[in-house]
Amino acid sequence: MDDRLLAQLILAERLPKNHAAWQPLAADLKNLLAGAGGESRTVELLKRELELDEAPVLLVDVHVTYQGGFAQIDVLVVHAAFVCVLEVKNMRGEFFFDAENFQFHRMVDGRLEGMRNPESQLHRAVKAIRKFLEVPVEGVIVLASRSARVVEKPAAYPVVALHYLPFYLEGLDKGGKLFDVEELSRKLGALPKRVFRGNVMAQYGLTAESLRLGVTCPDCRSRSLGRKNRKWHCAGCDGVFIDAHEVALQEYAVLFGEELATQFAYRLLGVEDKYLLYRLLEKSALQGDKRGKRWIVPRRELLMEYFGAIYK
């Protein structure tokens, strides 16, 4: 789960439903969750059913610098006999790849929709990773939804249903060790992580003032908690929590960065007492050289746990 998806999950909980940006945000989040779900099922299937003499390395959501920007790779399979880019599409409908004009349409619920061509996305990703690794690279479009059917196939790349993918990849292994998997993996592991911080808020014209601040109830997911007797209390479900503020701090870090102004921390956590604020931030947002500033200690695993049920 990358920071872009985390940011949209956070905004979906903290942005009022009557805000003008809510509908486009919800639509984009639905698509992101569908894509992430398709990639997750793809990796799980390959780990379970792909049979090769040597285990491959499976990398998800790889970003490679390419032509002044980034090429995004859904799933990259690195094996001693082949390297393959998987362009995973978790969409339903009938798919039409226009091999003459290189356009893409899908028919869903009787509507014909024009969309970005997955073949051109895949081709760009293949070229980028080929240039970066300096090895031959394969590519395949994977249909993760069982409600997807290809009517007109693409010009240059194969399309396979998810359940057929292990068989297809096994066919790429012609024997022999062509690549040093450890070396390629080390090179890929050194890639800088693409940072989305800030532009997600700007995309929807949002600021901190647009959001519901406070510590969110882990059960209700829509109310801010109050602090009493060293614990967080929810007036809606009567839930009581000890460290719920830790998630709020991590949410802030994803949306705005690790630097936290002490004055804003009062509003973020919904407290007024400076001694209480000090205790809450003591281990999670460290003091530095700048007066009135703290730095949040990254703990993304808290957000993974908090949003895990939605993500799956």
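Me: What makes strand E4 (residues 93-98) and strand E5 count as a pair, and which way do they run?

Reply: Happy to, with two notes to begin. The model is predicted, so local features need pLDDT of at least 70 and side-chain atom pairs count only at pLDDT 80 or more, while totals for chains, interfaces and linings use all residues. Residues are numbered from 1 along each chain as its sequence is written, and side-chain values use heavy atoms, without hydrogens and water. Strands here are DSSP runs of E with at least two residues, helices are runs of H or I with at least four, and both are numbered from the N terminus. Two strands pair if DSSP finds at least two bridges between them. E4 and E5 are joined by five bridges and run antiparallel, so they pass that test. Within the pair, Phe97 stands opposite Phe104 in E5.

Me: How do you know that strand E5 (residues 103-108) also pairs with strand E6 (residues 111-115)?

Reply: By the bridge count again: five bridges join E5 to E6, and the two run antiparallel. Met107 has Leu112 in E6 as its bridge partner. In the hairpin of these strands, two residues lie between them, and Asp109 takes a positive phi near 55 degrees.

Me: Why are E6 and E8 called edge strands?

Reply: The open sheet has four strands in the order E6-E5-E4-E8, with mixed pairing. E6 and strand E8 (148-152) each have a single partner strand, so one side of each is left without a neighbour in the sheet. From one strand to the next the twist averages 25 degrees, an angle taken between N-to-C directions on a scale from 0 to 180 degrees, with axes fitted to C-alpha atoms (for helices, over the stretch in contact).

Me: What makes E11 and E12 a pair?

Reply: Two bridges join strand E11 (residues 231-233) to E12 in antiparallel fashion, which meets the pairing rule because that rule asks for at least two. Trp232 stands opposite Phe241 in E12. These strands belong to an open sheet of three, ordered E10-E11-E12 with antiparallel pairing. Its edge strands are E10 (226-228) and E12 (240-241), which each pair on one side only.

Me: Why is the contact of Glu251 and Arg14 called a salt bridge?

Reply: The label needs a side-chain nitrogen of Lys or Arg within 4 Å of a carboxyl oxygen of Asp or Glu. Glu251 and Arg14 have an N to O distance of 2.9 Å, so the pair qualifies. The pair links distant parts of the chain, with Glu251 in helix H7 and Arg14 in helix H1 (residues 3-14), 237 residues apart. The structure holds 15 salt bridges.

Me: Are those two residues buried or exposed, and how do you know?

Reply: Buried means under 20% relative accessible area, exposed means over 50%, and partly exposed lies in between (1.4 Å probe, protein chains only). Glu251 is at 2%, so Glu251 counts as buried. Arg14 is at 4%, so Arg14 is buried too.

Me: What makes Glu259 and Lys293 a salt bridge, and how accessible are they?

Reply: Their side chains meet at 3.4 Å, N to O. The partners are 34 residues apart, Glu259 in strand E13 (residues 259-261) and Lys293 in strand E15 (residues 293-296). Glu259 has a relative accessible area of 33%, so Glu259 is partly exposed, and Lys293 is partly exposed at 28%.

Me: How do you know which spaces are cavities and which are pockets?

Reply: Both come from a 1 Å grid over the protein atoms alone: in a cavity a 1.4 Å probe fits but cannot get out, while a pocket is an open set of points with protein on both sides within 12 Å along at least five of seven lines. Lining residues have an atom within 4 Å of a point. Points are joined across faces, edges and corners, and a volume is the space filled by probe spheres set on them. There are three cavities of 30 Å³ or more, and the largest cavity has a volume of about 60 Å³. Its lining includes Arg14, Glu251 and Tyr252, and helix H7 (residues 245-256) gives the most to that lining, with five residues. The second largest pocket has a volume of about 270 Å³, and helix H2 (residues 22-49) gives the most to its lining, with four residues.
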